[in-house]
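The following note is meant to be read beside the sequence and the model. Its points are numbered so that each may be checked separately.

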Amino acid sequence: MNNKERKIFWDMLKSLDGQDKQKDFEKLKSTMHYPKELCKFKSIDTYSLLGLQTNQLYIPSADKYDDPFDTYLYINWAKINEMHNSLKNNILFAFEKYCIDYNEQFSDKSFQDYKASIENKSIHQKIIQSLKSNRLEIQKISKSISFAEDFKNETLWLKYANTLKDFV
């Protein structure tokens, strides 16, 4: 894939919303580029030699990668904050409306205490921490493997094949 094709593919991936899986699949399929050949850069170790003997490839989980952007799970933190603030404001609005509609009398201190509990930043921090933790759990069960189209790619030789000492 050249840079232009890579950008088109990446933009398409970012546009998938998961609402209609068939539509997303068709979008993915229409953007994919299939090369004539693929190669895999490997270091010589027990697993790679066993893979050659058994004609199998080891596929690691995403939490084992040295590059944080390999199988990166994007979380739109701005959207999370926006949703949290919207929810918080809706709860406060509904509470105030309830008090007015049902002529409930709350002391100013009671209302301020309730408002403070809704605006409590620790709840928001727990949500953020939970999302981060879940992202790590998803990475532990997600697997991927990378291939290259060009075995002459020096950068890949240097990074994945032990500076030209291993194999493709």
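**Note on the model**

1. Lys7 is an exposed residue, with a relative accessible area of 52%. In the terms used here, exposed means over 50% relative accessible area, buried means under 20%, and partly exposed lies in between (1.4 Å probe, protein chains only). The model is predicted: local features need pLDDT of at least 70, side-chain atom pairs count only at pLDDT 80 or more, and totals for chains, interfaces and linings use all residues. Residues are numbered from 1 along each chain as its sequence is written, and side-chain values use heavy atoms, with hydrogens and water left out.

2. Lys7 pairs with Asp11 through a salt bridge, at 2.7 Å from N to O. A salt bridge is defined as a side-chain nitrogen of Lys or Arg within 4 Å of a carboxyl oxygen of Asp or Glu. The two residues, Asp11 and Lys7, are 4 residues apart in helix H1 (residues 3-15), so about one helical turn separates them. Asp11 counts as partly exposed, at 31% relative accessibility.

3. How many salt bridges does a search of the whole structure find? The search gives 5. In general, side chains of opposite charge can pair when their charged atoms come close.

4. In helix H2 (residues 21-31), Lys29 and Glu26 are 3 residues apart, which places them about one helical turn from each other. Their side chains form a salt bridge of 4.0 Å, N to O. Both ends are partly exposed: Lys29 has a relative accessible area of 42%, and Glu26 has 37%.

5. A further salt bridge joins the side chains of Glu137 and Lys140, at 3.2 Å from N to O. These residues lie 3 apart in helix H6 (residues 121-141), and about one helical turn separates Glu137 from Lys140. Glu137 is partly exposed at 41% relative accessibility, and Lys140 is partly exposed with a relative accessible area of 43%. Elsewhere, salt bridges with shared partners connect Lys7, Asp11 and Lys14 in one network.

6. The protein chain contains 7 helices and 0 strands. Helices (H or I, at least four residues) and strands (E, at least two) are DSSP runs, numbered from the N terminus. Why is the chain described as more spread out than a compact globule? The radius of gyration is 25 Å, well over the 15 Å that the globule rule gives for 168 residues. This radius is taken over C-alpha atoms, and the rule is 2.2 Å times the number of residues to the power 0.38. Along the principal axes, the C-alpha trace spans about 80 × 35 × 25 Å.

7. Of the 168 residues in the protein chain, 16% are buried. Contact means heavy atoms within 4.5 Å; among contacts between residues at least 6 apart in sequence, 71% join residues at least 24 apart.

8. The protein chain carries 26 positive and 24 negative side chains, and the centres of the two sets lie 2 Å apart. Lys and Arg count as positive and Asp and Glu as negative, while His and the chain ends are not counted. The place of a charge is NZ of Lys, CZ of Arg, CG of Asp or CD of Glu.

9. Most residues other than glycine have a negative phi. Asn55, although not a glycine, has a positive phi of about 60 degrees. Asn55 is found in the loop between helix H3 (46-54) and helix H4 (77-101), and at 72% relative accessibility Asn55 counts as exposed.
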